[in-house]
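Subject: Handing over the model

Hi there,

Here is the model I promised to pass on to you. Have a look at it first, and then read on for what turned up in it.

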Amino acid sequence: MPPRGKRKSAKENQTAAKKAKVEKSSETSRKRDDISKPFSVKKCKVWFEEYADEPDIIGPDGIQKLCKDLHLDPEDIVMLVVAWKLNAENLGFFKFSEWSTGMGSLQCDSTKKLQSKLKSLKSLINDPVVFKKMYRYAFDFCRNKDQRSLDIDMAMEMLKILLSESWTLLDPFVEFIEQSDYKVINKDQWCNVLEFCRTVKSDLSNYDVDGAWPVMLDEFVEWFNNHPKM
């Protein structure tokens, strides 16, 4: 049997507890100091290089690592807000020029600084005007640049990220699209989906059949009305 350790006195326990409290306070202070330091272009570039898959490009693997460090699901809408703030051109990639300009405007040159701003960035989606701009941005961000339309599967995935908390008819709409012959969605259709979401009631009682809605939405309404279980 190993020898029994010497029991610490109450005074020693108090001293140890006080030391641990001071160390924890110092660590918190260091984190606060890191966040409060002025933005550094040099530090921002070093930060970018931590995630870059190749010179001047953060690719899918790097973005996955960034999300992990931020404790975020890659499909969290706040990552789309970040991409919008960076004015990123292509889904799954951040160029250094986009990163340096966008993170400069956010005054972020470290993961900790960006993490400290996630809550305020996510709150931007509560502003209808800002959300509309971001929604329109998402269409061009996600489409192949050699095509004018967005692949329908990608469009549905993005709608789930953008509208899952605000549109009660999202699931029926996705189901309608999945059983339809639509392969792509154009920008006019994309923009009208948001307008439909914002103005048409969930029971479709105020839907104007003579309105200037795209045929896709007319067909959705007809399909929905023929599925009372919805």
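Of the 230 residues in the chain, 37% are buried, where buried means under 20% relative accessible area, exposed over 50%, and partly exposed in between (1.4 Å probe, protein chains only). Please keep in mind that this is a predicted model, in which local features need pLDDT of at least 70 and side-chain atom pairs count only at pLDDT 80 or more, while totals for chains, interfaces and linings use all residues. Residues are numbered from 1 along each chain as its sequence is written, and side-chain values use heavy atoms, with hydrogens and water left out.

**Overall make-up**

The chain has 11 helices and 4 strands; these are DSSP runs numbered from the N terminus, with helices being H or I of at least four residues and strands E of at least two. Among contacts with a separation of 6 or more, 67% join residues 24 or more positions apart, a contact being heavy atoms within 4.5 Å.

**The core**

The largest nonpolar core holds 68 residues. By nonpolar core I mean a set of buried Ala, Val, Leu, Ile, Met, Phe, Trp, Tyr and Cys residues joined through side-chain atoms within 4.5 Å. The members that touch the most others are Trp99, Met103, Leu162, Leu163, Phe173, Trp190 and Phe196. At least three residues of this core come from each of domain 1 (39–124) and domain 2 (128–226); the domain bounds come from an automatic or database domain assignment. As background, nonpolar side chains tend to be buried together in soluble globular proteins.

Take Leu163 as one case: leaving aside neighbours within four places in sequence, Leu163 is in contact with Phe131, Tyr135, Leu170, Val193, Leu194 and Cys197.

**Helix 5 and what follows**

In helix 5 (residues 96–106), the buried residues are Phe96, Glu98, Trp99, Gly102, Met103, Gly104 and Leu106. They pack against helix 2 (41–51), strand 1 (57–58), helix 3 (60–70), helix 4, strand 2 and helix 6 (111–123). After helix 5 comes Gln107, in the loop between helix 5 and helix 6. Gln107 is not a glycine, yet has a positive phi of about 60 degrees, and with a relative accessible area of 43% this residue is partly exposed.

**The loop between helix 4 and strand 2**

Asn87 is another non-glycine with a positive phi, here about 55 degrees. Asn87 sits in the loop between helix 4 and strand 2 and is exposed, at 55% relative accessible area.

Gly92 belongs to the loop between helix 4 (77–86) and strand 2 (94–95). The C-alpha atom of Gly92 is 8.7 Å from that of Asp61, 31 residues apart along the chain. Beyond neighbours within four places in sequence, Gly92 is in contact with Ile58, Gly59, Pro60, Ile63 and Phe141.

**Helix 10**

Helix 10 (residues 187–199) has 13 residues and spans 19 Å from its first C-alpha to its last, close to the 18 Å expected at 1.5 Å a residue; the expected span is 1.5 Å times one less than the number of residues.

Buried in helix 10 are Gln189, Trp190, Cys191, Asn192, Val193, Leu194, Phe196 and Cys197. Their cover includes helix 7 (128–142), strand 3 (150–151), helix 8 (152–163), helix 9 (170–179), strand 4 (184–185) and helix 11 (215–225).

How does the side chain of Asn192 reach Asp188, and at what distance? It reaches the backbone oxygen of Asp188 at 2.8 Å. Asn192 has a relative accessible area of 15% and, neighbours within four places in sequence aside, is in contact with Trp213, Pro214 and Leu217. Gln189 has 13% relative accessible area; setting aside neighbours within four places in sequence, Gln189 is in contact with Tyr182, Val184, Pro214 and Met216.

**Cysteines**

Cys142 is buried at 9% relative accessible area, and Cys191 counts as buried at 17%. A search of the whole structure for disulfides finds 0, a disulfide being a pair of cysteine sulfur atoms within 2.5 Å.

Best wishes

Technical notes:
A polar contact is a pair of N or O atoms within 3.5 Å; within protein, one must be able to donate a hydrogen and the other to accept it, and residues adjacent in sequence count only if both atoms are side-chain atoms.
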